[in-house]
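Trainee: Hi! Could you walk me through this one? I'd like to talk about charges and rings.

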Amino acid sequence: MAGATSVAVITWVTRLAGLLALISVLVPAGRTLRGRVAAWLELPHEATVGAATVALVTGVLLMLLATGLKRRKRRAWQLAVAAAALLTVSHLGLRHTLGAGLVSLALLIALIATRRHFIALPDPVTGRWRAIRVFLQLTVAGVAINFVLLSVTLASSSVGDRLAQSTLALVGVSGPVTFPALWLEDLSAAVGLLFGIGAVLLAAYFLLRSAEPAPELTDEEVERLRGLLGERDSLGYFALRRDKFVVFSKSGKAAVTYRVIAGVALCSADPLGDPEAWPGAIEEYLDVCRRYAWTPATMGCSELGATVWARFGLEVLEIGDEAVVDTATFTLEGRVMRGVRQAVSRTKRAGYSARIRKAEDLPLAELEELRALAATWRGTDTERGFSMALGRMGDPGSVLVTAEHDGRARGVLQFVPWGEKGLSLDVMRRDRTADNGVNELMISELLLTTPAEHVSLNFAAFRAVLEQGQRIGAGPVARLSARTLRFFSRWIQIETLYRFNAKFQPRWVPRYLAYPAARDLPRVGVAVFEAEGLGGRPSGLLRALQRV
């Protein structure tokens, strides 16, 4: 607890020192930056400009480093010590030495005194070399642009002088070149400072950012995970997605799979294996999170899973319900099934039929065609789904249902195994020009003919909130919450999926989100939305940063 308090204090002092550094430059007392110490030492005017530049850069840098310090990153601590020392010295040349300088000095002392708390390792995919590359690219570009500018406008000056001027401009210091016009000197200084500050800040970003290692389960890991699959969790098979990491308990009887997104090690569903061995796997997973300062979180876990995660100090939030249909009691008869029955009858009269086959029974050419059609019918470049999506088609044991019309496939469903007695819906796609009712036809035909005892359909997010808001006598908070969800349903189909699932009269199985604390919810929310393909960080920005 004492360590957590020290880290929290250090984080806020770092932000304060950075803010005061910016103020000391942007709001100079007496309309001048030059301080008494600089005047007493008779330092040249360029020294004050250099000090202001250093203070400006290190101030922003400290504010960026605060997040890394909060996560106890060792590299962030090392950079913060260097920045605090540099800032303390730079304040000697500025007016606000007493306040901002003492804060930066106090920060330096506090960082050194609490160094034992900052032990988190760099992420497995480190940004060190990328940071060096970006720094060199921007500094070289700044020098080159300034050199070309000076060569065009001041061709009479020597090459050495122009190169020295261009290099010194990166830190706001004047060089040996004499400018015939003030605007040209200001332009050269602006170009140099822009590239100099940009080089430091972007390099710091790549050095400190939460790298997202590209995970891929090995064949050996997949086989071990298959051995841990059981009948209990309908989402267990989705742990076999290849884009995950895995940690096993020391006994090997349980495992946790996860993906790293925006500094969050995001798990889905429950741990695999024997529930008695789950704590061992969770401890291994949390140890990895502590080692790399990742935020632990899991989405879509069951009530039992949420209970176990809560024992490790995580908060739990109910985020919706999974629709599970027991096939022994499913029927299209009765008034409550009238809507589905009519949709199925109408689709059959239009000439549609459904075929149900195991993936291994399909010819390879037909399977490849269905994969291509499913990608086309998806309608977006992003493959949605994480906690209830496998990300591939045709695994042995999977069941494919196709809706066909005039000899052509117009819709496809994929169900993955849920132990030996169940199936879980993975892919649901249809041709947008196909008649309404195609999905109802495929699902009902499967439910009526499959030997599986239970079938898991789509996840209905915040189902209970939607139902409560529609009840007679619902309070204003419940009605407002339901109205808000219906508003966002225009983009992410919250209410639409709930209505569709409810047609088949399922039993609702609650699913939960586990996270460390309320302050972590925004970061966890970004990771969840990005994993599910619903939003998160802009894809264009991510692609740009990956190419840098």
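Trainee: Which residues are linked in a network of salt bridges?

Mentor: Glu223, Arg226, Arg392 and Asp395 make up such a network. Keep in mind that this is a predicted model.

Trainee: And how many salt bridges does the structure hold?

Mentor: There are 18 salt bridges. One of them joins aspartate 270 to arginine 232, with 2.2 Å between the closest N and O atoms. This pair links distant parts of the chain, 38 residues apart. Aspartate 270 is in the loop between β3 and β4, while arginine 232 sits in the loop between α9 (219–226) and β1 (245–248).

Trainee: Is aspartate 270 buried or exposed?

Mentor: Aspartate 270 has 5% relative accessibility, so it counts as buried. Arginine 232 is partly exposed, at a relative accessible area of 38%.

Trainee: What does the side chain of aspartate 270 make a polar contact with?

Mentor: That would be the side chain of serine 302, at 2.5 Å. Setting aside neighbours within four places in sequence, aspartate 270 is also in contact with other residues, including Trp278, Cys301 and Gly305.

Trainee: Switching to rings now. How many aromatic pairs does the count come to?

Mentor: The count is eight aromatic pairs. Phenylalanine 330 and phenylalanine 504 form a tilted one, 6.5 Å centre to centre with 35 degrees between the planes. Phenylalanine 330 lies in the loop between β6 (315–326) and α12 (338–349), and phenylalanine 504 in the loop between α17 (494–502) and β12 (507–515), so the pair ties together parts 174 residues apart in sequence.

Trainee: Why is the pair of phenylalanine 500 and phenylalanine 504 edge-to-face?

Mentor: Look at the angle: the planes of phenylalanine 500 and phenylalanine 504 are at 65 degrees, so the pair is edge-to-face, as the cut-off for that is over 60. Their ring centres are 5.5 Å apart, and both residues are buried.

Trainee: Which rings are linked into a cluster?

Mentor: Ring pairs connect Phe245, Tyr258, Tyr285, Tyr292, Trp294 and Trp309.

Trainee: Last one! Which ring face does arginine 224 lie over?

Mentor: Arginine 224 lies over the face of phenylalanine 248, 3.7 Å from the ring centre. Arginine 15 is placed over the face of tryptophan 12, at 4.7 Å from the ring centre.

Key
Residues numbered from 1 in each chain as written. Predicted model: local features only at pLDDT ≥ 70, side-chain atom pairs only at ≥ 80, totals over all residues. Heavy atoms only, no water. Polar contact = N/O pair within 3.5 Å; in protein donor to acceptor, adjacent residues only side chain to side chain. Contact = heavy atoms within 4.5 Å. Phe/Tyr/Trp six-rings, centres within 6.5 Å; stacked < 30°, edge-to-face > 60°. Helix = DSSP H or I, 4+ residues; strand = E, 2+ residues; numbered from the N terminus. Buried < 20%, exposed > 50% of the residue type's maximum accessible area, 1.4 Å probe, protein only. Lys NZ or Arg CZ within 6 Å of the ring centre and 35° of its normal. Salt bridge = Lys/Arg side-chain N within 4 Å of Asp/Glu carboxyl O.
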